Amino acid sequence: MKEYNPVTAEVIDALKAVVGDKYVKTDADVLDVYKSDESLAPSFWKTPEVVVLPANTQEVSEIMKIANRFDVPVTPRSAGTSVSCGAVPAYKGIVLLMERMNHIIELNEDGMYMTVEAGVRTIDIQNAAHEKGLLYAGDPCSSDSCLIGGNLATNAGGNKAVRYGTTRHQVYSIEAVLPTGKIVNLGATLKKCSTGFCLDQLIIGSEGTLGIITKATLKLVPLPPYKLDVLAVFTDLAKATALVPKLIKAGLNPTSVEFMDNNFVRSASDYSDLKLPHYEDGCYDIISIETFNEDELDDKMEKLAAVCEECGATDIVEADDRVWKVRRNCLESTRVFSKVATSEDLVVPVTKIADCIQTLVKESQNYDFRVFCLAHAGDGNLHFQILKCDMSDEDWEKQLKEFRAKAYKYVYGLGGRLSGEHGIGLKRLKYMEEYTDPAELDLMKTIKRAVDPKWILNPGKVIEEN
Ligand SMILES: Cc1cc2nc3c(=O)[nH]c(=O)nc-3n(C[C@H](O)[C@H](O)[C@H](O)COP(=O)(O)OP(=O)(O)OC[C@H]3O[C@@H](n4cnc5c(N)ncnc54)[C@H](O)[C@@H]3O)c2cc1C
């Protein structure tokens, strides 16, 4: 494992010369804020030595050159909502905070694109598009706090990915600063392009290990005027999950298909101070359908109701804002039960999601921790929120290890992967080494060494130097 140099007074002076004294933070209370993200995994947290807030791409580039010169690691950070310890400075050093780069540069209605700096909040992008009758389709549940650069770096998914794809599908081009400080523009505002390697897509989803994304040109699409959200309630988990592949096959082209088990229904309803149908014993599927034509919506609703009934839904009601509030509060709601938790982000083929949820929920009942399950079910992406409750640290670590070994082996057997949207970060690093094909891992490391010879950008994430 590589050893980095500490951040000396000389490094601090060099950083101040680039961004100005005000934007170089070394106070202990400020540094303390940036030791963690939303991952609730204190054993991984590390306090940075300095936090720097650049104002523009040129400053980001100069910071990377300083980091290379002094051999100091840099962790890019947007809003810090990562649940994979992605924004934790694993080797201390510099945290590079993107929040000052928060301007929408252009919204082109005719061309249907928006060019933004990487520090713009996702919800501001969504709202700006909406005001013009357009849709920015990236929609992670954290959209009111996360920044677009963080979404691009993690290839965030969310509530609209069934129909529109994940963040990488919403992008025409990016500007990025490579680990050496070089500025590159990758991709183009084109419908198609077969001109060389697709390097924008390589950097998107690389979790800040291959480059710092500083700008992006995002695709916008017409906003469908007709929309209906349906809550299908089931009192049987097997039936609720079996609905998902049937819905996809029915040709309804839903925007969202979200699943919540009864643990989440109860905790998120309590947290939101709302009582929804079958609070005591219901599992939920929330399905959104959007169309450009009223008749088409009516037609799809009829078909949707028929599929839900066929699958044994106990209740089928319109899902209003209260339902989405409960859905969005799921993760937060579990924090009242435990401050130590881990969030699994497994992904399997959509045809296997029902079996996968049923098998892993059953398996999780053999352990002392509490497990809550929800899924972006239409994407085959399930989240297990595993809470440490009334257990010793030793039992927590031992049982978690045992559960993960079984769950990961099973998921890979189904053709799945460790992460559908949250990324590997620091938290899943050793599992990435264990479960990834060695040839694929070797190719990733070869690419990393080529663009980041000093392994200075976000070390300790995704892949390990060896
Ligand atoms: C309540 C809650 C709900 C969530 N719901 C979803 C969801 O529905 N879908 C989903 O995908 N995720 C979800 N997440 C996880 C998280 O919000 C996403 O991963 C999000 O994309 C992170 O954005 P951020 O701005 O907070 O980035 P950060 O957490 O700051 O960073 C995330 C990663 O990206 C890197 N990074 C940040 N900015 C840049 C940049 N400009 N250039 C290069 N690298 C960079 C960081 O080093 C880190 O590795 C949720 C989290 C919470 C707490």
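Me: What makes the lining of the second largest cavity divide into nonpolar, polar and charged residues?
Reply: The classes go by residue type: Ala, Val, Leu, Ile, Met, Phe, Trp, Tyr, Cys and Pro count as nonpolar, Asp, Glu, Lys and Arg as charged, and the others, Gly among them, as polar. The lining then divides into 4 nonpolar, 4 polar and 3 charged residues. Among the lining residues are Leu-40, Val-83, Ser-39, Gln-385, Glu-38 and Lys-427. Please keep in mind that this is a predicted model, where local features need pLDDT of at least 70, side-chain atom pairs count only at pLDDT 80 or more, and totals for chains, interfaces and linings use all residues. Residues are numbered from 1 along each chain as its sequence is written, and side-chain values use heavy atoms, with hydrogens and water left out.

Me: Why is this space called a cavity, and what is its volume?
Reply: On a 1 Å grid over the protein atoms alone, a cavity is a set of points where a 1.4 Å probe fits but cannot get out, whereas a pocket is an open set with protein on both sides within 12 Å along at least five of seven lines; lining residues have an atom within 4 Å of a point. The second largest cavity holds about 60 Å³, a volume being the space filled by probe spheres set on the points, which are joined across faces, edges and corners.

Me: Which element gives the most to its lining?
Reply: Strand 16 (residues 341-347) does, with 3 residues; strands (E, at least two residues) and helices (H or I, at least four) are DSSP runs numbered from the N terminus.

Me: How many cavities are there, and what lines the largest?
Reply: The search finds 3 cavities of 30 Å³ or more. The largest has a volume of about 70 Å³, and its lining includes Met-1, Tyr-91, Trp-455 and Glu-465. That lining has 6 nonpolar, 1 polar and 3 charged residues.

Me: How do you know where the second largest pocket lies?
Reply: Domain 1 (104-222) and domain 2 (225-421) both give residues to its lining, so the pocket lies between them; the domain bounds come from an automatic or database domain assignment. The pocket has a volume of about 730 Å³. Of its 30 lining residues, the closest to its centre are Gly-205, Ile-424, Met-432, Met-444 and Val-462. Helix 16 provides the largest share of the lining, 4 residues. By class, the pocket lining has 12 nonpolar, 11 polar and 7 charged residues.
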